[in-house]
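I opened my notebook for this structure today. I wanted to look up a few things and write each one down.

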Amino acid sequence: MLKSKTFVKKTRSGGVMKVVREHYLRDDIWCGSEVCTECKQESTVLQKDACMESSLCSYPHYLVPDTNVVLHQIDILEDPVICNVIILQTVLQEVRHRSAPVYKRLKDIIHEKEKRFYTFTNEHHRDTFIEREPGESANDRNDRAIRVAVKWYSQHLKTFESDTDGLKVVLLTNDQGNKQKAQDNGLLVYKCEEYVKSLIANPELVDRLALSSDDKNEITSSKVLFPEHLPLSRIQTGIKSSSFLQGTFRASRDNYLEATVFVQGEGEDGTEVLIQGLQNLNRAVHQDVVAVQLLPRSEWVAPSSVVLQDEGTAKDDEDAEEEEGKLRTAAAEAARKPTGKVVGIIKRNWRPFCGMLNVSQIKESTRHLFTPADRRIPRIRIETRQASTLSGQRIMVAIDGWPKDSRYPNGHFVRSLGGAGEKDTEEEVLLLEHDVPHQAFSQAVLSFLPKMPWAITPEDMMKREDLRPLTVCSVDPPGCTDIDDALHCRELENGNLEVGVHIADVSHFIRPGNALDKEAANRGTTVYLCGKRIDMVPELLSSNLCSLRSNVDRLAFSCIWEINHKAEILKTRFTKSVINSKASLTYAEAQMRIDDTNKNDDITKNLRGLNKLAKILKRQRIEKGALTLSSLEVRFHMDSETHDPIDLQTKELMETNSMVEEFMLLANISVAQKIYDEFSECALLRKHPAPPPSNYDILIKAAKSKEVEIHTDSAKALADSLDAAKVDGFPYFNTLLRILATRCMMQAVYFCSGMDSDFHHYGLASPIYTHFTSPIRRYADIIVHRLLAVAIGADTTYPDLMDKHKQSALCNNLNYRHKMSQYAQRASVAFHTQLFFKSRGILNEEGFVLFVRKNAIIVLIPKFGLEGTVFFDSKDKVSPNIVFEEEIPGVSVPPPDTERPAKKQKLDR
Amino acid sequence: MFLPGLQDDLRVDGRGCEDYRHMEIETDVVSNTDGSAKVTLGHTAVLVGVKAEIGKPRPTVPAEGYLEFFVDCSANATPEFEGRGGEELGTKLSNTLYKVFNNKRSIDLKSLCICAGEHCWVLYVDVLLLQCDGNLYDAISVAIKAALFNTKIPKVHISSDEEGGKEIELSDDPYDCMRLNIENVPCIVTLCKVGHRHVVDATLQEKACSVASLIISVTHKGTITCMRKVGGGSLDPESIFEMTEAGKRVGKALHAPLMKLLEQEESLGKKRQKVGFLG
């Protein structure tokens, strides 16, 4: 039967379009229930004895949640207790339309066999399809569609009543009107809360109920704390007329009363609007998309230099006001920044947050505050009866809403991750917090792996150059199992040198568009934590088939240059090849071979040749203005049994490190040029924009404190002045400056050449750059491999590769994953550092002050690579008399006894 | 051979001189238009679709919307239309339709205005000739009137913010729409001079015998809004007078049953069994 659905919509150009869709109704949509003998279904999802023990429904029953129940109570639906649920197509479509993350979770539940969730395509069923009636809103129509479907189900099941113990269908809705109408129709209907509370076996499920609006009222006094948010239509008109600005809300890490809103301007540049004070922040949470209104210029303020953490208990409105007072400093006119207030929220970006529960002091209270691990997220008030069990555990909490009369947002408990301070728990927390996909690879993904035992086929050999006779070797950090690059160097008959960089040919194994490819594209990068690696591709590839291990034949993508002894490139060629690495060395081993004058085997000669060229290349690069920056990296020595850190040291750099690096840079640049020449519109490149001059302020100020001048006009000037910046008797000063300089830099990003015009890589001083050399751990390299393979005719192309918009979207994901993986890595190091200190007593170590704030200093301890905030006025200590000098935050050596509290504080959180 | 009969008010197919052939009307036949109607008159069949789009008003009449006509002579109608054969006829027909319908006496063009000088509704009236068996004008005019009757224009309202920026907002209820007042929309009556008499609704054969014909558009009150002579022969003033009088009479008589029929069909709503093109 054919029906047509008609609706009118507005087109982008402002016109109005009538859209007519054909809608087919069928009579072969089955009910999915085990008891049904009428439907000719092959397999059933819903059980005959659907038993969820409930005091309200003593009979077996199927649940039908409406859209709002799914949207708000997805945590409940995910619980293993809830099964035998019918998800109507109407609900599924609405959920998909309203919230992508909830939709994904719902889909996951439906796929899980044990949950027994059945999707009933009621919109295409002959008896349950309804047309919208005149005067009926879209929502009312959907509610009616749900009721009609429930009605159909209950009548359908009634025909088999004799075989079942009164199997029924129960509608769950939180909408009073809908409930009333359903009751009038003679349906079984309950509110979600009523139902969940009635579940006999699982009282703790109640904690996971999201608070609905009528619950919230009782929590707080009627005192309105925040201004009302404007409705979306007002915001839109405001943005159009540019009286409001739209931007991403970024809460400050150091000060909970301060935030910036990043407003994307025309093209590249964006502006930042400062927001100060609880009222002006107006319930925005980190990462929300908000609308801000600028305050008059006279009310503009400077970013405060106070470090404030929300330490208060549940009722600390007064404290907040007092603390806000501290923010206001008589800042110089020049330091003031555009300041605004949040007038409305365009899109919430809430996700479940990890953190700890602060158990309320009142014993019987079921309402507690939750402190998220991310300092930029406000505390969340949740309701739970298991406070005593949950204290001391890492838990996940989701925000449900933030009413205008509540100091904190309301949320509900999602799940517990385990005891705080335990290694597995903490690792889980930091992976979740940084949105790192870390589940095991699904069966669908694994199905695209090559079958073992794997061998190179004659067909592969036909298409590839056989480079197995060459003396190829790899140099990597110790313990590395995913070797993605190998090198060779030999003298040619004409006296020139031939240098080859051989990269694992991952794109041979990961074919575009399959599940394996999609998963890798989503993960974007391998994440290295201390003692743990979250792979981008399954281990079979990363540590075996793609890893260029010694003395096995491996497929490679080779970049081969002819270079003269002055390190000038004469010829470049790219080819797919087969190699057989002769040795996989560590940096230290390679260094030893080069230094050991007695050794004269092929590999060593190879290495010496490479090393010599690398030195020339590096010199040339630095002359062009490439920067040598510094950041502290710490290595842990792990206990092999407990995997606890037993010692730590900062990373040492050897000549061989930079040798490998030089050739990787060279390969990347050569490939970048090649793919850009071939595909000017869709080459995936990497750029590093020059930072705006204001970024260098902290560096220049810090240098000034020791009367050293830093020039920041160009990369070359910066590099030179950093080299010259030395203070007698303070050898670490130069490194400190380099650390600061690193923080002034912009993030390097991937981009699609067709979408941008500025390609320059500031840090490397190269006009063009890309990533080609680590396809095992970076997805960008896989794309570059594919592009290069197409360019040299070694592989076929596919539509998405040439679509610059799709590529641009991919770049955004890669940039995001890359950033998050770095944060996760840092967080992991920080956690292990704390684990390390857990077992030590009080240590005295030299530290350096990086920044000075009004009430605290930020201290770096180079030996541990540890950075922490030291407050002057801790709770138990009287604040020392300090005069804060805004202009010259100095670099000084703090008294050693302040160090310990700083570390302690981090540990406690 | 027709002439003797005509003198006695009798035509070859048994009709009187002022009788129409059997006429069938169905509205709302094309779902993706805003209004449509299909009319068959004898073997002549035309389909009219009305699409409403938002456009800019003409500078001379900023507070009015307007209509656009396009006549597509499909080669299905007659083999003569194949290739570009129907183009000339199409232009001729649409020019006449502009004259007859696109004025404020026929349709309340002011009601098509959304925002003076900025936005108005433009009604695109597309006429498709499905089969030609004479008297295209009359069939088309009836079909247009029926299609306009059937036209549902989505309701919009203009919201303006403090700065004077205007935004068109669309109602989210598809049933919330505006109808046109078609009371004054005229119908065309074509009178063919055959011998000493004139006939309405001439078949192709009769037309072949006719020297000249007069196209008259008549409103429901019997007012003539437009008149045009086509054909090679000449008409003397007396017969023109006679023919206009007859045209008025026939036109007036055509409106009442048409309106009744349309309203009857409308009242059936969704329950109506659609005939469509296969019926």
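These entries cover the interface, the cores and one arginine.

**Entry 1: the interface**

I noted at the outset that this is a predicted model. I looked up how chain A and chain B meet. I found 18 residues of chain A in contact with 20 residues of chain B. The buried area between the two chains comes to about 1,700 Å². Carbon and sulfur atoms give 53% of that area. I then checked which residues of chain A lose the most area to chain B. They are V16(A), K18(A) and R132(A). Together these three account for 35% of what the chain A side buries.

**Entry 2: polar links across it**

How many salt bridges does the rule find across the interface of chain A and chain B? I got zero. For polar contact, I got two residue pairs across the interface, both at pLDDT 80 or more.

**Entry 3: what chain A brings**

I asked which elements of chain A supply at least two residues each to the side that touches chain B. Strand 1 of chain A gives the most, with four residues. I also sorted the residues on this side of chain A by type. Five are nonpolar, five are polar and eight are charged.

**Entry 4: the cores**

I turned to the nonpolar cores. The largest has 90 residues. L541(A), W561(A), L607(A), M659(A), F663(A), F772(A) and Y779(A) have the most contacts inside it. Helix 25 of chain A, residues 779–791, gives the most to this core, with 10 residues. I picked out W561(A) and listed its contacts beyond four places in sequence. They include L497(A), V499(A), V501(A), I569(A), F663(A), L666(A) and A667(A). E498(A), K571(A), T572(A) and S670(A) are also among them. Another core lies apart from the largest one and has 68 residues. I54(B), C73(B), F149(B) and C187(B) are among its members.

**Entry 5: R21(B)**

Where in chain B is R21(B) found? I placed R21(B) in the loop between helix 1 (3–7) and strand 1 (23–27). Is R21(B) buried or exposed? R21(B) counts as buried because its relative accessible area is 11%, under the 20% cut-off. Its side chain reaches the backbone oxygen of D133(B) at 3.0 Å. Leaving aside neighbours within four places in sequence, I found R21(B) in contact with residues including R15(B), L41(B), H43(B), D133(B), N135(B), D201(B) and T203(B).

Note on methods. Residues are numbered from 1 along each chain as its sequence is written. Chains are lettered from A and ligands numbered from 1 in the order in which they are written. This is a predicted model: local features need pLDDT of at least 70, side-chain atom pairs count only at pLDDT 80 or more; totals for chains, interfaces and linings use all residues. Side-chain values use heavy atoms; hydrogens and water are left out. Contact means heavy atoms within 4.5 Å. Buried area is the accessible area (1.4 Å probe) that two parts lose on being put together, summed over both. A salt bridge is a side-chain nitrogen of Lys or Arg within 4 Å of a carboxyl oxygen of Asp or Glu. A polar contact is a pair of N or O atoms within 3.5 Å; within protein, one must be able to donate a hydrogen and the other to accept it, and residues adjacent in sequence count only if both atoms are side-chain atoms. Ala, Val, Leu, Ile, Met, Phe, Trp, Tyr, Cys and Pro count as nonpolar, Asp, Glu, Lys and Arg as charged, and the others, Gly among them, as polar. A nonpolar core is a set of buried Ala, Val, Leu, Ile, Met, Phe, Trp, Tyr and Cys residues joined through side-chain atoms within 4.5 Å. Buried means under 20% relative accessible area, exposed over 50%, partly exposed in between (1.4 Å probe, protein chains only).
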